[in-house]
Amino acid sequence: MSDPNNPNIKSRDTPQWGLYQRELFWKDNKGEVPPFSTDPGDLEDLAKRSLTIGGWYYASSNAGQSYTHLANRQAFYRHRIIPRMLVDTNKRDTATSIFGHKVSAPIGFAPIGINKIYHPLGELPVAKVAAELNLPYCLSTAGSTPIEDVGQANGNGPRFFQLYMPHDDELTISLLKRAHQSGFTACILTLDTWQLGWRHHDTAESNYAFYHGTGADLGLSDPVFQKRLKDAGIDPIKQPNEASAMWIDNVWHGRAWSWENMPWLMEKWREISGGKPFCLKGIQSVEDARKAVEVGVDGIVVSNHAGRQVDGAIASLDALEKIVAAVGDKTYIMFDSGVRSAADVFKALALGAKFVFVGRLWVWGLSIKGELGVRHVMKSLLADFDILLNVAGFQNVDQITRESLESLPNSAAMIAEKSRL
């Protein structure tokens, strides 16, 4: 269905994303060229050339020796899609629903902080493109743009607020109120970043934007935090480094929360938002997934922060399958970490995720060409997903099940087993 006059297009409920392939193929006839290659390796190379060394290190660095990052990619590799032939996919549908929002595909923009180190406009072009494509956008508490401005840029798009919970209850409540008032319809608390993981390149370059006065606009625009700055005698104009450091030190840097704090936070968010969904991000163990269900969350994101926090950890995709088996019928399960393609999205869905978030792909697009780059990367991903359903013989997202994959043995598990013999 790369023919724009195909009559089946009119009967589809979602856009003909695959037509973006045709648009790119036709550009040469118009004396144009596509913006850039969206092969993940090419994206990395282009982003590296576009960014400062600090921007590149922050975008690319993983914890320790990047073993968790490697495990994430290896886990995707061992699962293989089983195509189905002679299936009428002409009226296929890429859409799904998440927390009451019907969206274009089971793909969302993962929360990533300090976007201004990737592009001067920060989160604004990203939020704008997300709304344009009708894909959920997640704003990080570590964002470099005020909540209100991001909400405005996102317009009527579905958007969620990712919370790093400050050790200041009044400030936490202020952030939640601002998010709700700005149209964010779910709160997602990240659990694995009480402190940054050890990232060799970032530390070697003293590469931490917040300590150099960049990226704290979301916090510096908060009325409660402005009072805290005043009480501390810090002028954010004259002392940007100190002000930004004080902000990020409120939400990260070694002070952990526990399960006992979750009922209070959920109660406050639901009270402020009128009962909107509350989720936990960073779940990797079955035990934690069960605890999340017990405390009453509306969803969990199975994630290892793309390998940026715990080096040598379990692949997030391996964790997903076990967690789905344990609590998949009890809560809404989402996934991120290591996603690089439509095939990766498909595999996560087949292993039981209801929704998949991508991060580094759109960050690289933002770094290369700003709004145009984000749009190109995400439209390409949507086209890839649409075409994958077509050529693999799937009519809709619900048909993607565990039976859609053949899986090779987990080599890491095999090595561990042999070591015990």
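T172 touches L163, M165, P166, W264 and L265, leaving aside residues up to four places away in sequence; contact here means heavy atoms within 4.5 Å. The residue sits in helix 7 (residues 169–181), where helices (H or I, at least four residues) and strands (E, at least two) are DSSP runs numbered from the N terminus. T172 has a relative accessible area of 0%, so it counts as buried. On this scale buried is under 20% relative accessible area, exposed is over 50%, and partly exposed lies in between (1.4 Å probe, protein chains only).

This is a predicted model, in which local features need pLDDT of at least 70 and side-chain atom pairs count only at pLDDT 80 or more, while totals for chains, interfaces and linings use all residues. Residues are numbered from 1 along each chain as its sequence is written, and side-chain values use heavy atoms, with hydrogens and water left out.

V358 is another buried residue, again with a relative accessible area of 0%. Its place is in strand 11 (residues 355–358). Residues up to four places away in sequence aside, V358 touches I107, G108, F109, A110, V339, M378 and L381. As for R84, it lies 274 residues from V358 in sequence and 26 Å from it in space, C-alpha to C-alpha.

Stepping back to the whole chain, there are 17 helices and 12 strands. Of the 421 residues, 53% count as buried. A compact globule with 421 residues would have a radius of gyration near 22 Å, and the 21 Å of the protein chain agrees with that; the radius is taken over C-alpha atoms, and the globule rule is 2.2 Å times the number of residues to the power 0.38. Along the principal axes, the C-alpha atoms fill a box of roughly 70 × 60 × 45 Å. Among contacts with a separation of 6 or more, 74% come from residues 24 or more positions apart.

Now for the helix pairs. Helix 1 (residues 19–26) packs against helix 16 (residues 360–392) at about 120 degrees, and their axes are 8 Å apart. The axes are lines fitted to C-alpha atoms, for helices over the stretch in contact, with angles running from 0 to 180 degrees between N-to-C directions. That angle makes helix 1 oblique to helix 16; under 35 degrees would count as roughly parallel, over 145 as roughly antiparallel, 65 to 115 as roughly perpendicular, and the rest is oblique. Y20, Q21, E23 and L24 of helix 1 meet H376, K379, S380, A383 and I387 of helix 16. These contact residues divide into 4 nonpolar, 3 polar and 2 charged, with Ala, Val, Leu, Ile, Met, Phe, Trp, Tyr, Cys and Pro taken as nonpolar, Asp, Glu, Lys and Arg as charged, and the others, Gly among them, as polar.

Helix 10 (residues 223–232) and helix 11 (residues 240–251) also pack at about 120 degrees, with axes 11 Å apart. Helix 10 is thus oblique to helix 11. F225, R228, L229 and A232 of helix 10 make the contact with A243, M246, W247 and N250 of helix 11, a set of 6 nonpolar, 1 polar and 1 charged.

Two loop residues have a positive phi without being glycine. N134, at about 55 degrees, is in the loop between helix 5 (124–133) and strand 5 (137–140). With a relative accessible area of 27%, N134 is partly exposed. H305, at about 60 degrees, lies in the loop between strand 9 (299–302) and helix 14 (316–327), and is buried at 15% relative accessible area.
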